[in-house]
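Thanks, everyone; I will take a few minutes to go through one model, and I would ask you to keep the structure in view while I talk.

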Amino acid sequence: MVRSLRLLEICKSYGPVKALSSVSLDVQQGRFTCLLGPSGCGKTTLLRTIAGLEKPDSGRVFLGSREITTLPPSVRGFGIVFQSYALFPNLTARENIAYGLGSRGMSPGKARKRVDEMLGLVGLEEEADRYPSQLSGGQQQRVALARALAPSPELLLLDEPLSALDAKVRLRLRRELRSLQERLGVTTVMVTHDQEEALSIADEVVVMKDGVVMQRGAPMEIYDRPANPFVADFVGAVNFLEAAGRITAIRPEHVRVFSADEMGLPAEVREIEFRGASCRLLLGSGETQLVADVPASLLKEKEIGHGSAVTIFLPPEHCLSFDSLPIGA
């Protein structure tokens with residue numbers, strides 16, 4: 001039976017601090033949803049509320065038509081992977097994955113078969129009898145993921161599971177995680193503060209700030225059509241320009257840079273940040289500054305360097321208009 005997760009007007013406070021303020025959310029079956037936002041925005045509290053590890057002050061949680069607001073975590077049967085992985089150091093990878101399967105009514109024979117299946121799924125057959133201390137961080141993450149998936153949970157909850165890994169391992173594992181989720185079709189909710197991670201892995205991104213959902217939608221929608229200045233500023237780099245009482249926002253990759261003798265707004269190249277195939281330019285026009293991302297080959301082709309005079313053009317179709325700047329911008 002297809003069952004979606006539904007949260008209705010969830011509120012949670014810790015003393016005077018309001019962690020969640022009337023949050024409502026629907027997570028469709030089989031989808032990968034990322035809760036994205038800065039530290040303290042409420043995303044982890046929301047995940048823990050879904051898991052049953054936190055009780056909301058008010059509001060309701062449903063799985064399909066069944067209300068689970070007051071059910072303890074053990075009864076919900078969700079798979080959970082924390083940032084620390086929480087593996088048992090005295091158990092092997094195989095034993096960690098098998099932990100709890102017997103208490104769920106699975107026979108020893110079926111449990112062994114399931115563990116072998118999960119080891120193969122995460123590519124750890126050869127490391128099955130190693131202890132956590134004998135595994136790399138990436139391998140430990142896979143064991144934790146396999147343990148969470150072994151009981152075939154209806155919902156997989158991930159609390160920044162990749163944040164403790166180095167950049168290359170994190171990039172590889174997020175691809176593997178997405179591929180695994182697609183193959184299994186398990187409904188997944190993941191907390192992250194990494195914008196690139198959320199945009200690359202999720203079917204839907206939920207951007208939060210101060211306990212409130214600021215915007216939710218497909219990654220491309222969130223990036224190209226941010227609902228407000230906060231989302232525009234938090235999800236990727238953006239320029240904010242004030243004119244005639246309004247704020248114009250434009251992404252650096254949409255700023256067009258030309259030679260000084262071409263049509264456009266005169267500007268000066270004040271800084272160049274080399275990024276391999278591309279360069280990020282800090283451009284100044286009077287007191288106005290903005291950044292532009294351009295192909296590295298353009299600098300050579302146009303003979304543009306530090307201090308060069310250039311012209312810039314802001315394509316209207318890529319400009320967004322807001323009433324105000326984000327706080328702190």
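The largest pocket in this predicted model holds about 500 Å³ of space. Its lining is made up of 20 residues, and those that lie nearest the centre of the pocket are Phe-78, Gly-79, Ile-80, Arg-104 and Arg-147. If you look for the secondary structure behind that lining, α2 (73–76), β6 (79–81) and α5 (137–149) each contribute at least two residues. Sorted by class, the lining of the largest pocket comprises 13 nonpolar residues, five polar ones and two charged ones.

Let me turn to the sheet. Four strands, in the order β2-β1-β4-β5, make up an open sheet with antiparallel pairing, and its edges are β2 (17–27) and β5 (66–67), each of which pairs on one side only.

The last stop is Leu-299, which sits in helix α10, residues 296–302. Is Leu-299 buried or exposed? With a relative accessible area of 10%, Leu-299 counts as buried, because the cut-off for that term is under 20%. Leaving aside residues up to four places away in sequence, Leu-299 touches Ile-272, Cys-279, Leu-281, Val-294 and Ile-304. As for Val-257, the C-alpha to C-alpha separation from Leu-299 is 9.7 Å in space, while the two residues are 42 residues apart in sequence.

Notes. Residues numbered from 1 in each chain as written. Predicted model: local features only at pLDDT ≥ 70, side-chain atom pairs only at ≥ 80, totals over all residues. Heavy atoms only, no water. 1 Å grid on protein atoms, 1.4 Å probe; cavity = no way out; pocket = protein on both sides within 12 Å on 5 of 7 lines; lining within 4 Å. Points joined across faces, edges and corners; volume = space filled by probe spheres on them. Nonpolar A, V, L, I, M, F, W, Y, C, P; charged D, E, K, R; others polar. Pairing = 2+ DSSP bridges. Buried < 20%, exposed > 50% of the residue type's maximum accessible area, 1.4 Å probe, protein only. Contact = heavy atoms within 4.5 Å.
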